Each structure stands twice: as C-alpha cells, then as structure tokens.
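I opened the notebook to keep track of what I looked up. The entries follow in the order I made them.

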Amino acid sequence: MIRPEGRPVLTAAQMRAAEEATGESVSALMERAGTAIAVAVRRLASSSEILIVCGPGNNGGDGYVAARVLAERGAKVRVAALGDPKTDAAKAARAGWSGPVEAFADAAPAPILVDALFGTGLTRPLDEPATKTTNTTPAKAGAQLGSAIDSPPASPIWAPAFAGVGTVADGRPPLNRSPAEAGAQLKPSSNSARHPGTPASARERPIVEQLHHLATAAHLTIAIDLPSGLATDTGAALSPPPIFDVTLALGAAKPSHLLQPAARYCGEVRILDIAIPVTSDTHVLDRPDLPTPGPDAHKYTRGMVAIIAGAMPGASDLAALAAMHAGAGYVTLLGDTSGPPHALVRAPFSDHALANDRIGALVVGPGLGRSDEARSLLQSALATNHPLVLDGDALRLLTPDRIAASNRPAILTPHAGEFDALFGKSDADKITRTRAAAKAANAIVVFKGADTVIAAPDGRVRIAPHASDWLSTAGTGDVLAGAIGAMLAARLAPFDAAAAGVWLHADAARRLGPAFIADELALALRKARASL
Ligand SMILES: NC(=O)C1=CN([C@@H]2O[C@H](COP(=O)(O)OP(=O)(O)OC[C@H]3O[C@@H](n4cnc5c(N)ncnc54)[C@H](OP(=O)(O)O)[C@@H]3O)[C@@H](O)[C@H]2O)[C@@H](O)CC1
Ligand SMILES: Nc1ncnc2c1ncn2[C@@H]1O[C@H](COP(=O)(O)OP(=O)(O)O)[C@@H](O)[C@H]1O
Ligand SMILES: [K+]
C-alpha cells in the first residue's frame with residue numbers, strides 16, 4: 001500500500017490505455033489486482049469477517065479474485081453480487097470463486113465491508129434498484145476451500161431492520177462514523193419516498209442505500225479503486241456513497257481521489273502497485289525539497305520578499321508574517337503600516353523602494369482594495385520586473401491577457417470566486433480549468449480550496465491532498481500568498497515555489513488541529529519547514 005504523495009494521477013481513459021500498453025490480458029491484470037487487494041484487506045481486516053460486494057464489471061471481477069485469494073489464505077469472507085458479471089474477465093473471476101454468492105440487496109453486514117461494485121466504469125448515478133439475481137450454491141464447494149467458507153453465512157449478529165442500524169451487536173458504534181453521521185446517511189430512499197407509508201423491504205432498497213446500510217454497520221469500510229457512486233475524473237459524486245475508511249486505488253491515483261466533493265468519500269487513499277507502468281503530467285503534491293541555509297548564507301541569499309500593503313493592512317501583515325516564518329531572509333512591507341514583529345522591515349510605499357533589485361518576489365493583492373489607489377499600486381508593481389505573487393484584490397483588477405503580457409514569472413492564487421471572475425465560469429473539472437487558466441495567463445495558477453490544484457502553462461499539474469477544513473477562516477489565503485512569496489524569493493522555479501508554499505501551508509494547518517486563526521497558521525509554517 002503506497003501513499004499517494006508525489007505519485008501520478010491518471011484519468012479512467014489514461015488508466016485503460018496504460019493497462020492496454022502492457023499487452024497483458026485483462027484477466028492477468030485482474031489476478032494481480034485481486035491478489036494485491038486480498039493482501040491489503042487481510043492486513044487491514046485481521047481475523048474479522050469480510051463481506052465483498054461485487055458489481056457487474058471488472059471492479060466486481062477484482063472483488064471475486066480478492067475473495068478467492070482471501071479464502072485460500074484462511075480469511076472469513078462472504079461475497080454478495082449485484083447481478084451477474086458482464087465482462088469476460090469478471091465472468092472468469094466469478095467462476096474462480098467457489099463459495100456462495102449472496103444477493104447484494106439481501107446481504108447482511110459484516111465487520112469489514114469491501115466495495116467492489118463499481119470503479120472507473122461508472123458513468124451514471126446509481127439510481128437503479130438492486131435486484132435479487134443470484135443465490136448460488138457453491139459450484140466447487142469443499143473441493144478447495146475451508147469449512148469456514150463453505151458453511152452458509154453464520155446467522156447474522158446484525159440487526160436486520162433498516163432503521164436503527166448504526167451500532168453493531170456488541171453495542172459499539174462503527175469506528176468511522178458518529179451516530180449523527182450514521183443517521184444522516186440513512187435518509188429515506190427515493191424508492192420509499194415513492195411509496196409513502198410502505199416500509200421498503202431489503203429487496204426494494206436502491207443500490208446506494210444498501211451500500212450505506214452495509215457501511216454503517218461495518219467497523220471498517222474499504223473501497224476498491226473508488227467508492228461506488230463517484231465519477232473517476234471530475235470529482236463528482238454521481239450518487240453520494242458512504243464515507244469510506246480506506247480506498248485502495250489500483251495502479252495509480254485518479255482525479256476523484258483528490259478532487260472535491262468525491263475525495264471526502266475516499267478516506268485514506270493508498271495505491272496498490274499492480275505492475276502497470278504509469279506516467280502523467282498530473283501528480284499528487286509531494287513534500288518539497290527545500291534548501292537549508294549554509295555557512296555562506298546571508299539574508300539576501302535566503303530571499304527578499306516585498307509585500308505591498310493596501311486598504312486592509314491586516315491581510316498584508318499576515319502575508320509578511322507568513323513569508324518570514326516560511327524562511328525568507330528579508331521581508332519588507334511597503335505601505336502606511338506599523339507594529340511588530342521588529343524583524344519585519346516596514347517602509348512607506350514608493351517606486352524607489354520597489355525598485356530594489358534584491359527583491360526576489362513581490363506579493364500584491366492581500367488587502368489591496370479595489371480603489372483607484374489600489375489600481376495605482378498594482379500598476380507600480382507591474383512596472384517592475386520582479387517575479388509576482390498575485391492574490392486577492394489584484395486578481396479582481398487584472399485580466400489573464402494583462403498578466404500574460406507582464407512577461408515575468410507570476411503565480412496567481414485565486415479562490416473559486418476570484419477564479420470565476422478572472423477566467424470565467426465553466427462546468428469543466430477543476431484540473432482542466434486550472435490548466436487552461438495557467439495557459440491563458442501564462443502563469444502558475446494555484447486554484448485554492450479543499451482540493452487545491454496547481455497548474456503551469458506547459459500543462460503540468462499538482463493536486464494537493466486534503467489538508468484541514470479548519471483552513472476555512474479569514475486570512476489563511478493571505479498566509480498562503482506570503483509562504484509562496486518566500487519560496488519564489490528563494491529562487492525556486494515558480495511551479496515548485498507554488499507547490500512548496502501549498503505544501504507548507506497544508507502541513508502547518510494539519511499541525512494546528514481545530515479552530516486556529518490565520519496568525520497562528522503563519523507562525524506554524526516554521527514547524528512545517530522544520531519537518532522537512
Ligand atoms: N485499471 C487497471 O489497471 C485495472 C482495472 N481493473 C478494474 O476494472 C475496473 C473498471 O472496470 P469496468 O471498466 O468494467 O468498470 P466497472 O467500474 O466495473 O463498472 C462497469 C459496469 O458497471 C455498469 N454500470 C456503470 N454505471 C452503472 C450504474 N449507474 N448502474 C448500474 N450499472 C452501472 C456498466 O454497465 P453499462 O454502463 O455497460 O451498462 C458495466 O457493466 C477498475 O475500476 C478496476 O477495479 C482490474 O480488473 C484490472 C486492472
Ligand atoms: N475546507 C477546506 N479544506 C482545506 N483547505 C481549505 C478549505 N477551505 C479553505 N481552504 C484553504 O484556505 C485558504 C483560504 O484562502 P482564501 O479563500 O483566499 O481566504 P482569505 O481571503 O480569507 O485569506 C486557501 O489556501 C484554501 O485552499
Ligand atoms: K468500488
């Protein structure tokens with residue numbers, strides 16, 4: 001199980017192409033995938049009973065192979081299927097499983113749920129009701145498998161009634177869900193809504209609802225490739241699945257492991273290496289490799305950051321504090337400001353102060369305002385040749401063309417509102433939008449949010465794994481701009497500077513836990529930096 005940081009991200013089509021390029025049969029790949037899944041599930045499940053739910057495609061095929069291998073290795077495993085397999089490889093995998101196959105709609109929960117219903121082939125919401133299609137007696141029962149697998153599933157200790165599921169027989173709530181969450185997941189189905197007053201039997205339960213039911217009662221939920229219900233490439237939750245504890249991504253991470261809202265359903269993502277060579281111009285953000293000062297260092301070699309203060313000096317103060325704690329050697333705040341820290345060089349704004357050719361990064365936008373005064377400050381910034389970090393109000397006062405024409409390294413850090421205003425609204429996915437924006441502005445674009453995407457004009461993309469929802473507080477964007485400024489001033493290539501700033505910001509946030517404020521985030525950048 002490989003952590004996703006630094007790894008390539010492939011779309012469903014790219015993954016299929018990589019698979020085909022191996023020249024191996026789907027069955028051979030499925031055998032490897034299923035075996036890798038079995039090994040991982042065994043490690044995670046210990047000796048608990050495992051229920052693998054299998055869909056009609058190759059994701060289901062992986063599930064059958066995993067079930068067979070788990071059983072061969074002595075695990076207690078049950079299989080429930082959503083219909084018969086449709087692909088040749090899945091049919092063969094199904095034939096290799098000699099235990100019983102329960103109907104998905106009727107399946108009772110187990111402590112470990114493995115979701116192999118749908119993977120990269122899901123193209124539409126899971127709106128069809130689950131139907132009972134299979135209840136097979138073992139074809140080769142007893143021949144190869146241990147008695148634990150051959151015997152019918154032990155009488156379920158689980159509460160069969162739909163309502164109230166959320167605690168298991170020993171009275172403990174499932175590990176991964178609060179009672180409130182469990183209740184929220186058991187919303188009335190569209191099916192029962194259509195028949196008010198009629199309690200939905202298990203058989204009428206829509207797929208997504210049965211999946212929630214099984215997940216809520218499980219102690220550990222594991223999704224194969226993707227939680228069923230998520231689109232692979234766009235981050236869309238076509239049918240919101242349960243929130244899984246672990247997602248085992250086959251061969252490579254996919255966009256929906258990282259893009260919201262899908263990413264939140266994946267839990268911990270781990271990649272299973274199934275020996276398929278994969279390359280991509282999109283990668284998961286990785287820890288940066290940052291230079292540490294040597295004996296020959298002085299403040300200017302560590303990088304000089306200038307920040308232009310504007311209408312809201314708190315914002316530029318935060319950016320300055322962040323630049324200092326991210327490791328800049330010299331930070332100057334140009335404007336009518338005062339206050340600590342003493343190490344921050346506060347100076348009145350002037351074109352002369354801006355002309356200092358030691359400035360390695362100029363941060364403009366945090367708290368700038370949108371007045372004529374703000375426009376004039378921005379104009380002065382653009383009249384220099386300094387590499388730029390453009391944030392906040394600067395992004396409201398510029399156009400992509402004008403940024404492209406400024407003809408020097410630039411990093412833009414828009415949140416969704418600023419991005420829409422600058423580049424226009426679109427239904428395309430966040431990776432596509434960020435890549436197009438970087439090209440249009442000929443600049444690095446850091447499209448912020450719970451799934452920050454960083455793109456370069458040449459098409460390279462880094463996607464940041466989810467950091468902390470507590471970042472949703474005023475001023476954290478200013479901190480990011482300052483941190484990126486410090487990286488740019490330290491002479492990192494602009495794309496690497498943006499990536500390093502985003503990594504430090506996220507790491508600082510994770511360290512702080514809940515309810516921090518932006519000032520603390522700026523200070524915590526030091527600890528993030530120290531961890532490298
Ligand atoms: N990448 C790799 O290296 C390897 C990948 N492998 C595995 O293959 C997986 C991809 O397999 P896949 O292409 O067969 O697609 P999958 O996700 O099983 O679903 C397709 C089936 O679901 C059906 N269906 C779709 N939507 C539906 C809906 N809403 N409601 C109901 N049905 C719906 C669809 O029906 P159709 O749309 O054709 O009517 C079709 O029957 C991948 O995630 C990985 O696990 C390994 O085996 C080998 C190495
Ligand atoms: N739910 C979230 N999860 C992770 N990061 C978030 C979340 N919400 C916001 N962020 C991050 O917090 C920062 C907010 O920046 P921004 O919206 O510009 O705020 P401000 O203008 O108040 O500084 C960005 O770096 C963004 O990526
Ligand atoms: K799945």
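Entry 1. I looked up what comes after helix H15 and found Gly424, with a positive phi near 90 degrees. I noted that helices (H or I, at least four residues) and strands (E, at least two) are DSSP runs, numbered from the N terminus. The model is predicted, so local features need pLDDT of at least 70 and side-chain atom pairs count only at pLDDT 80 or more, while totals for chains, interfaces and linings use all residues. Residues are numbered from 1 along each chain as its sequence is written, and chains are lettered from A and ligands numbered from 1 in the order in which they are written.

Entry 2. I then checked H15 itself, residues 416-423, where Glu418, Phe419, Leu422 and Phe423 are buried. These four lie on the same side of H15, because they cover an arc of only 100 degrees around the axis; the arc is that of the directions from the helix axis to the C-beta atoms. Ala416, Gly417 and Ala421, on the other side of H15, are exposed. A residue is buried if 20 or more other C-beta atoms lie within 10 Å of its own, exposed if 12 or fewer, and partly exposed in between, with C-beta atoms placed from the backbone.

Entry 3. What do the buried residues of H15 pack against? I found helix H13 (392-396), helix H14 (400-405), helix H16 (430-441) and strand E15 (444-447).

Entry 4. For the protein I wrote down 19 helices and 17 strands. Of its 532 residues, 53% are buried.

Entry 5. I looked up the domains: domain 1 is 12-122 + 178-284 and domain 2 is 299-530, with bounds from an automatic or database domain assignment. Their centres, taken over C-alpha atoms, are 40 Å apart. I found 12 residues of domain 1 in contact with 13 residues of domain 2 (contact: C-beta atoms, placed from the backbone, within 7 Å).

Entry 6. I turned to ligand 1, which has 31 residues around it, and Gly57, Asn58, Asn59, Gly119 and Gly121 come nearest. A residue is near a molecule if its C-beta atom, placed from the backbone, lies within 6 Å of it. Helix H3 gives the most to this shell, with 5 residues.

Entry 7. Ligand 2 is surrounded by 18 residues, and the closest are Lys448, Ala450, Leu471, Ser472 and Gly477. Helix H17 (476-489) gives the most to the shell around ligand 2, with 4 residues.

Note on methods. Two residues are in contact if their C-beta atoms, placed from the backbone, lie within 7 Å.
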